[in-house]
Amino acid sequence: MSRDLHVYVHVPFCRYRCPYCAFYNVRPDAGREAVFLDGTAREIERWRSAGAFTDATLATLYWGGGTPSRLTASGTRRLAALSLGIAPAADDLEWTVEANPADVDAERLGLYRDLGVTRLSVGVQSFDEERLRFLGRDHGAARAREAVHWAATAGFPEISLDLMFNLAVEGSEAAWRADLTVALELPITHLSLYGLTIEAGTPFGRLAEAGERLTRSDGGYGVEYLRACRAARRRGFEHYEVSSFARPGHRSRHNQSYWTGEPYLGLGPAAHSFDGRRRWANLASLTGWSGALEEGGDPRAFVETLGPDERALEALYLGLRTAGGVGETHPLLARPGNREVVDGLVRSGRLRRENGRVRCTERGFLVLDAILAALSGR
């Protein structure tokens, strides 16, 4: 790991599984919470013994899931002590916690602020009752708005909000416009957009296999995405990554570590890590992950080493996801014939050249996979 540590903790607890979600999660109870916290303590010690935290500073900390806000108050305090005990915290530590609107109340928000959490990420998804029912969410539109206002009143300097689009719900375009209006009028500093995709093995995946239409056409996806881009820009948000918008000075530094190829460490079942050369993921099983750690074994499901070609492709992909783009000297852009490919994409309005860099336009973000295929020959 690098001297500036970026740590992600996967808290695997959800009261129930949303029909579109493919992330690993289990129902919370006191026994499972204890297993998770004990396992996290062992995993941190495992990396400490390997020298991963020597002379390091904790730069960013992110609790995701699952639903971190499903932890009990005592569990939250213990996980905070474990996380902050990894290494001395930077003076400007960015600490993000994901929260379900149904879990947000004054007591929990006060606990987070007392512990030092700086950024609350609220999983709203929509402010429309029909869309929330379609997504199987356990909160209503009023609670979604209240959660953001309560977070602002509690004094969080950073409030991020998640919205989901591309839903095959009647009146989708009008509802999406309304969602954007409500979201951008709330006291938020960051907005994340997620286009609904159908994942195999999920309830939505099974419905799609049976022939049910759950997402809009490709054209509908693009219309809703570009509408959101325009709306966010009008309200002063910077579009700094394909799905991320922030007020100036309020970008997510933790997420930027992923997109710039910095090393990061994932703790907890199913968490992913990267050390600049190798990538690995933990076992997607609370009992499997914790059992391996208890027995002194390796809790990882796989480890892969990236070769030069893989690192170059990943750097191109991550760079083109961001507003910064990639330098024109990137090895894949310098390949024979790729200058002509880039020229064509510039003419079509998918890419632009600026100050020695190649960047995606917002229309380019919509076809990023096709751009990568054209440049990599894959």
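Which residue forms a salt bridge with E238? Colleagues, the partner is R251, and the closest N and O atoms of this pair are 3.3 Å apart. The term salt bridge here denotes a side-chain nitrogen of Lys or Arg within 4 Å of a carboxyl oxygen of Asp or Glu.

Before I continue, please note that this is a predicted model, in which local features need pLDDT of at least 70 and side-chain atom pairs count only at pLDDT 80 or more, while totals for chains, interfaces and linings use all residues. Residues are numbered from 1 along each chain as its sequence is written, and side-chain values use heavy atoms, with hydrogens and water left out.

Let me return to the first pair. Helices (H or I, at least four residues) and strands (E, at least two) are DSSP runs, numbered from the N terminus. E238 has a relative accessibility of 29% and counts as partly exposed; R251, at 32%, is partly exposed as well. For these classes, buried means under 20% relative accessible area, exposed means over 50%, and partly exposed lies in between, with a 1.4 Å probe and protein chains only.

I turn next to E241 and R321. The side chains of these two residues meet in a salt bridge, at 2.4 Å from N to O. E241 is in strand β7 and R321 in helix α11 (residues 308-321), so the pair links distant parts of the chain, 80 residues apart. How accessible is E241, buried or exposed? E241 is buried, at 0% relative accessibility. R321 is buried too, with a relative accessible area of 17%.

Helix α11 also provides E314, which forms a salt bridge with R279; the closest N and O atoms are 2.2 Å apart. R279 belongs to strand β11 (residues 278-282), and the two residues are 35 apart in the chain. Elsewhere, E173, R216, E224 and R227 are linked in a network of salt bridges. By the rule stated above, the count comes to 23 salt bridges.

R279 leads us to a sheet. In β11, R279 is the bridge partner of F274. β10 and β11 pair in the antiparallel sense over three bridges, where pairing requires that DSSP finds at least two bridges between two strands. The open sheet has three strands in the order β10-β11-β12, with antiparallel pairing. β10 (272-274) and β12 (300-305) stand at the edges, each with a single partner strand, so one side of each is left without a neighbour in the sheet. On average, neighbouring strands of this sheet are turned by 15 degrees against each other, direction ignored. Axes are lines fitted to C-alpha atoms, for helices over the stretch in contact, and angles run from 0 to 180 degrees between N-to-C directions.

Finally, I come to the backbone. Which two residues does a cis peptide bond join? They are G65 and G66, with omega about 20 degrees. G66 is found in the loop between β2 (57-65) and α2 (73-84).

D55, although not a glycine, has a positive phi of about 55 degrees. D55 is in the loop between α1 (30-49) and β2, and it counts as exposed at 57% relative accessibility. N355 is not a glycine either, and has a positive phi of about 50 degrees. The place of N355 is the loop between β14 (351-354) and β15 (357-360); N355 is exposed, with a relative accessible area of 78%.
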